[in-house]
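Colleague: Can you walk me through the nonpolar side chains in this one? Start with the surface.

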Amino acid sequence: MNHSMRKGIKIVGTCLFLLYMAGLVYFLFLSEDFGHGGTGEYSYNIVPFREILRYIRYREMLGTRAVLINLLGNVIGFLPFGALVPLMVRGARRAWRTTLLSFEVSALVKVSQLIFQVGCFDVDDMLLNTLGGLLGYLLFRILSFCYVKLETA
């Protein structure tokens, strides 16, 4: 791949990442549809897997939509992070680095939510976000592998 192609991919990746981060901030801090409208009540969970197991155990009572938004939404929400960070930052092209960055960003978001009492602080969300970042990284690796195979064919 020539230099101008790499630079173009990095620019597009950076633009997508900035759009993604703006959307993430909106959904995590501002969107009333996801319970962030400032109801005055604040909750937190510091016990790993408590909320994940609660959502699985009471899925019929809570409803499919609530379960999908909470469990899959937290994973899918960080897929772009895990896929775009290694595209932009050469030092993040290792699974453990991208996974660690995913955890750190998720922790930063959750601590911010705790401080500003917006949404809820949930350690399970951090675990699911980190899993999403790792899966996004795996997607990056698969797409990179396919691109190299196409380029050499």
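Modeller: Helix 1 and helix 7 (123-152) each supply at least two residues of the nonpolar patch. Helices are DSSP runs (H or I, at least four residues), numbered from the N terminus. This is a predicted model: local features need pLDDT of at least 70, side-chain atom pairs pLDDT 80 or more, while totals for chains, interfaces and linings use all residues. Residues are numbered from 1 along each chain as its sequence is written, and side-chain values use heavy atoms, without hydrogens or water.

Colleague: Which residues make the nonpolar surface patch?

Modeller: Met 5, Ile 9, Tyr 147 and Val 148, about 320 Å². Patch residues have over 30% relative accessible area and no salt bridge, with nonpolar side chains joined within 5 Å; a salt bridge is a Lys or Arg side-chain nitrogen within 4 Å of an Asp or Glu carboxyl oxygen. Areas are Shrake-Rupley, 1.4 Å probe.

Colleague: New topic. How many aromatic pairs does a search of the whole structure find?

Modeller: Five. Rings pair if their centres lie within 6.5 Å; planes under 30 degrees apart are stacked, over 60 edge-to-face, the rest tilted. Phe 17 and Phe 81 are tilted, because their planes are at 50°, with centres 5.9 Å apart.

Colleague: Where do Phe 17 and Phe 81 lie?

Modeller: Phe 17 is in helix 1 and Phe 81 in helix 5, so the pair ties together parts 64 residues apart in sequence.

Key
Patch = residues over 30% accessible without salt bridge, like charges linked within 9 Å, V, L, I, M, F, W, Y side chains within 5 Å. Phe/Tyr/Trp six-rings, centres within 6.5 Å; stacked < 30°, edge-to-face > 60°.
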